[in-house]
Structures are given as structure tokens and as C-alpha cells.
Amino acid sequence: MPDQLPKEVVQERFLRLTALQDRICAEENALQIGARVEVMVTAASGRKAAETNRLSGRARDQRLVHFSVPEGAQAPRPGDLVTVTITDSAAFHLVADPDLADYQLRRSRAGDAWDLAQADSCGVPAAPGTSDGVRPAVSLGMPTLPVRSRDRRTGRPAVEHEAVEREGGSAQTLPLVAIVGPTGSGKSELALTLAERFNGEAINADSMQFYRGMDIGTAKLPLAQRRGVEHHLMDFLSVKEDTTVAAFQQLARDAIADIRSRGKLPILVGGSGLYNRAAIDVLEFPGTDPDLRAALERELEQDGLAVLLQRLHEVDPVSAARINDGKRVVRALEVHALTGRPFSSFMPERKYVSPTVQIGLNGDRAQLHKRLEARVRTMVNAGLLDEVQALIPEGLREGRTAHKALGYQQFLRVLDGVSTVERASEETIVATRQFARRQLTWFRADPRVQWLDWSQKDLGEAAAAHVTAASQPGA
């Protein structure tokens, strides 16, 4: 039985991760200041029953919001919807003021269900008002409205999805959604927002998040921060294992079919460009020959990249002009040897395999550089070096791919004694910026991507508008 860590070490790591989570939540909530959001009232939040003007509610992304009813205004009941403007934030809640210019209350579907349940249990008619009408002033002296029921399949909290029906669509009629863009642009958060709005589930298209235990360095969204949204194709490989784009294509399409079969919307999210395209496009993948590939890899090691690249240029000049790393050159030569066709012939015109909308996130380059630097620093403070060390006995060094991930290869050198934490951090920051630039180059080449600025206040609304517009006839 492996040795267990000392209790004080476990406690120290737990406290450090908890502090990191608090800081991340606070930073994310601070980005909401100034935004207008619709809140469903859940309860009075004052400690005393008399404080009926102090309310709590949940935004569509399930963030907790505290706000006060304007003096003389109608008092909402649990289940009513009200539009507010975020004025302040903390780690686990937002503070808001109602929008006085448009202060009216609408009854939510959950509120109507509450009314009916209360009427059935008491043998009296439901309270007056309709889902679309303005409610009269009502006392808040009543039980808290349950915000979410439990998903019977996952056991996690389920979210109300009124927006789908209000906008005239359904998860079944909406197109597949793919959220793309450079690392650090906020793809995971937008995926959660759209999943909650359209009754969706996420499918991971970040090839480094396939690996179990590679959590901190890949910015894998912790289970506690997924807000009850189911995520697919994460943690299904050990660090010693490998996969192919063709294998991922089948896994992703199986996941899409599974999600569709349950009446939900599949949302592909990740910055691995070829993996994303494999899932959404009509894309053919030729077979492989392990012996042939091994022979080509030996030649690469013995003769060098320049020799193999020249061979590729002779049989496939298009691919030779596009690629310059050993792994892809070996693959291109393997495909030509197996099929007699150039590797470039297997990259057809851009054509979706089913109706799809791609939403790309981009923004100010200098701001992205700052975000990426802060992100790497946060990873290091959260224990990236410890994570890398813990993965070595799991086979991190033996795997063909996992050890090459950003941050992991740099911090392996720290453990080897040939680098320092500070140098590895700087190298990771530079490599991450270069990777983000390559991602943008890849996705900008696709004219079908609908680009949005990650910093815009109404990002969720703008993305949702693209989703619903793509479901209209002729889109």
C-alpha cells in the first residue's frame, strides 16, 4: 500500500486550494460588475423577518445575487423575475440594484409551478397573475423557493431552461455549438452559460484535458465549478496512453449522439483546432501502420527533421509547406506510403457534418498576454510542480504526448535539476503566448466562426443570439 501523505501536508494543500478557489471566484465575479442580469427571486436575505426589502436571487448562470427593493416599488415573491444591475461582488455572491427604468416583475415557470403546488396542497386557487404579467405587491413572508431540482441521471442540481422556449427554439432544434479561440479566452465559462441557457452538456475538445491527473496545468474546470453541467471526454486517458484524432472523432460524435438522444444540446469546447474540426466537419482519416510509423520515427531520430521534410516535399509539397514538426511530418509520410495519396488530399473543403454554429472568443492582444501570465502564475502557486511530480510514478515520462504539454515539460526540467521554478514559469508563459497565437491563426482561417470579444458585458446574450439565429430556416 503506497505511503500516505502526512496529515499536515494534506491540510496545507487543501487550504491552499481553497484559497485559490476563493480568489478565482472573486476575480470571476468582479468581471460581472456593471452587467445587467435577470434574477429569479428565491428568498428574503435579511436576518430579520422585518427586512423584507432585502432579497436574494439566482442569475441564469446560478450566481447568487443580493439586492434591495426600491422604496415604494412592488415587492416580488419567490419565483418572480427582476432585472438588476451588478454593483459589487464578493467570492460567492454579487450585489445589485434593480433597474428602476424598467422595474416590472414577471412570473417565472418555476414560480408558476410553485403556485400550483401550493394551491394543490392547500385546496385553494393559485395566486392571480400570469407568466407574462406584472404581479401585485405581495408579502415575502413565505418559504424559500427551491431554485433547482435534481437531475435524475446525474444526481446533480438541474437548472431551469426557460430561455430556450421563450426564444422559440429547443435543444433538439438548435445546432451543435462549438466554442473556439485561444487558451485563456474564457471558453469554459461561456460553455457553462450556454449549457444552462439551452439545456446543454459540454464535450471537451482540449486534447490535454483527456489525461487524468493533469488538472492544474491544463486549467481543467474543477467538478465543483461546473455548476451541474455534465462534461464529456475528460480524464479518460492515463498519462502513459495516447489517442488519435480519428479516435477522438468517433468518441465526440458518439457523445453528440448520446446528448441529442436525451433531448439536450451538445456544446463542444476547446482550443485544439484539428480535434474541433474532426468533430464538426466531414473529415476522412486514413489508417495507420504501427510498424511503418516506428520505422519513420527511427529515421527522424537518426537523420533529422530536414531530411524527412525534403522527402515529404517530393511527394506532398502542400503539406511540406504547412507543417514543420517531426510528429506531423512522420504522419504525412506514413499516409502517403499507405494510401499513395498526399496527406493534404485528406483535408477537404470546410463542410459541417450536421448543422453547427462556431463561436470564437478573441480580444485585445495585450490583455490576453496579461491574462495568460496571471494564469500561469496562479497554476504555479496552486501546486503545478507537485502535480507534475505526482504524475511521474503514473508514467508521465513514458507517455508519447502528455509530458509535452505546456507547463509539464518545463517543470519536469525543474525536477531534473536543470531549471528553476522561476525560469520554468517564464518559459511556460512564453510558450503559452506562442500557442495562443497559433490557435488564433488556425481558427481565423475558418470563415464560418462567429467572433465575439471576450470582454463585452453581454457576451452570454450575444453568443445565445448566434445560437438561436443559426437555428432559423435558411441560416
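In this predicted model, helix α12 (residues 384-391) and helix α13 (residues 408-415) pack at an angle of about 80 degrees with their axes 9 Å apart, and the two helices are therefore roughly perpendicular to each other.

**Helices α12 and α13**
- On the α12 side the contact is made by Leu 384, Leu 385, Glu 387, Val 388, Gln 389 and Leu 391, while α13 contributes Tyr 408, Phe 411, Leu 412, Val 414 and Leu 415.
- Sorted by class, the residues of this contact comprise nine nonpolar, one polar and one charged.

**Helices α5 and α6**
- Helix α5 (residues 245-261) packs against helix α6 (residues 273-280) at an angle of about 50 degrees, with the axes 8 Å apart, and the pair is therefore oblique, with a right-handed crossing.
- Val 245, Phe 248, Gln 249, Ala 252, Arg 253 and Ile 256 of α5 meet Leu 274, Tyr 275, Ala 278 and Ala 279 of α6, a contact that has eight nonpolar residues, one polar and one charged.

**Strand β10 and its partners**
- Strand β10 (residues 265-269) is largely enclosed by the rest of the structure, because five of its five residues are buried.
- Both of its faces are covered, with Leu 265, Ile 267 and Val 269 buried on one side and Pro 266 and Leu 268 buried on the other.
- Strand β7 (residues 176-180) pairs with β10 in the parallel sense over three bridges, and Val 177 stands opposite Ile 267 of β10.
- Strand β8 (residues 200-204) also runs parallel to β10, joined to it by five bridges, and Glu 201 has Pro 266 of β10 as its bridge partner.

Note on methods. Residues numbered from 1 in each chain as written. Predicted model: local features only at pLDDT ≥ 70, side-chain atom pairs only at ≥ 80, totals over all residues. Heavy atoms only, no water. Axes fitted to C-alpha atoms, helices over the stretch in contact; angles between N-to-C directions. Helix = DSSP H or I, 4+ residues; strand = E, 2+ residues; numbered from the N terminus. Parallel < 35°, antiparallel > 145°, perpendicular 65-115°, else oblique. Contact = heavy atoms within 4.5 Å. Nonpolar A, V, L, I, M, F, W, Y, C, P; charged D, E, K, R; others polar. Left-handed = near helix turned anticlockwise from the far one by under 90°. Buried < 20%, exposed > 50% of the residue type's maximum accessible area, 1.4 Å probe, protein only. Pairing = 2+ DSSP bridges.
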